[in-house]
Amino acid sequence: MDLELRHLKIVRAVADAGSLTRAATALGLAQPALSTQLKRIERALGGMLFVRGREGVRPTALGELVLERARVLLPAVCELQEEAQRFARQGAQGYRLGGTHGPLLGGLVDRLAREEPGVPVTTYTSWSEKEVAGSVADGRLDFALVGVCGESAPPEPGRLAWMEVARDPVHVMLAEDHPLALARAPREPVELAELAAEAWTDVPGDGCFGDCFAAACVRAGFTPACVYETDTASCVHLVQVGRAVGLCRATFPVTPGVVTRPLAGTPLVWRHVLGWHPAARVAARAADVLGRARAAHAEALARAAGGSGLRAAPVQTAAPSPAA
């Protein structure tokens, strides 16, 4: 019998479980079937791998040797399989971009399409920055364009390389007839404490911005009494009709019925980041994509200042995932 990877997995499972009964359960096998397979493996390797006893099994000297090699080989083969799958999924041309909901991803797509006509660009969006980053780590996407709160680390720090695109102060969205909107000049800051009695609206996600926002409110002397968690369009609508206030990035453009004001003291900061797998073929294009993402951010800021009327997604306030 030739030794196969599945045989090493069986040996490792038996050693990890400490008994044939527990190993059989973990592997989804009947114990007699596992015992038979183990005997065949031992014959192929030339000796007993485990000493059986009333309290379970323990590796023999030969078993320790096999386990030592298995613990090196199995992760290496798994890594090889992941890398091969990642390589196979990646095209020689084109860009597969992932991001949380926001205007920056659209701006990057626009620049890529404008500067590389004919090169395919595909996108995937999710409220979850972890899902987007995981897709890049697994080779299903080339780049992740997401955001993080303040100095928080992006997801998958051990598997992806990350670079900062830009950072924005967080602003507050108000209805255009809100008393604070009428009383303040367009760039005049609003104290967070002045919004203590307001209801808030947000979109779902899995980042830490909700905790950071809650902490900022506590420092300002209050706890938000009501939070409406809903989709982006509904968030904007709730602000427009005066039902709630929300938070947005500095790239939020002028939108009918909504005004934005900076928060005094900049209690919250949004950091846009670009991530990619350093072993992927697209890593060679990362610097170029980063430069285009930074240019897209500059364009978004210009549109926000110029009042183009394009709509950007609100920053999350309860349990958000950072958005690009």
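Me: Where is Glu-42 found?
Reply: Glu-42 lies in helix 3 (residues 31-45); helices here are DSSP runs of H or I with at least four residues, strands are runs of E with at least two, and both are numbered from the N terminus. By the way, this is a predicted model, where local features need pLDDT of at least 70, side-chain atom pairs count only at pLDDT 80 or more, and totals for chains, interfaces and linings use all residues. Residues are numbered from 1 along each chain as its sequence is written, and side-chain values use heavy atoms, with hydrogens and water left out.

Me: Is Glu-42 buried or exposed?
Reply: Buried means under 20% relative accessible area, exposed over 50%, and partly exposed in between (1.4 Å probe, protein chains only). Glu-42 has 8% relative accessibility, so it counts as buried.

Me: Which residues of strand 7 are buried?
Reply: Strand 7 (residues 171-175) has 5 of its 5 residues buried, so the rest of the structure largely encloses it. His-171, Met-173 and Ala-175 point one way, while Val-172 and Leu-174 point the other way.

Me: What joins strand 7 to strand 11?
Reply: Two strands pair if DSSP finds at least two bridges between them. Strand 7 and strand 11 (residues 258-262) run antiparallel, joined by 5 bridges, and Leu-174 sits opposite Val-259. Strand 10 (residues 246-248) is also antiparallel to strand 7, with 3 bridges; there, Met-173 has Gly-246 as its bridge partner.
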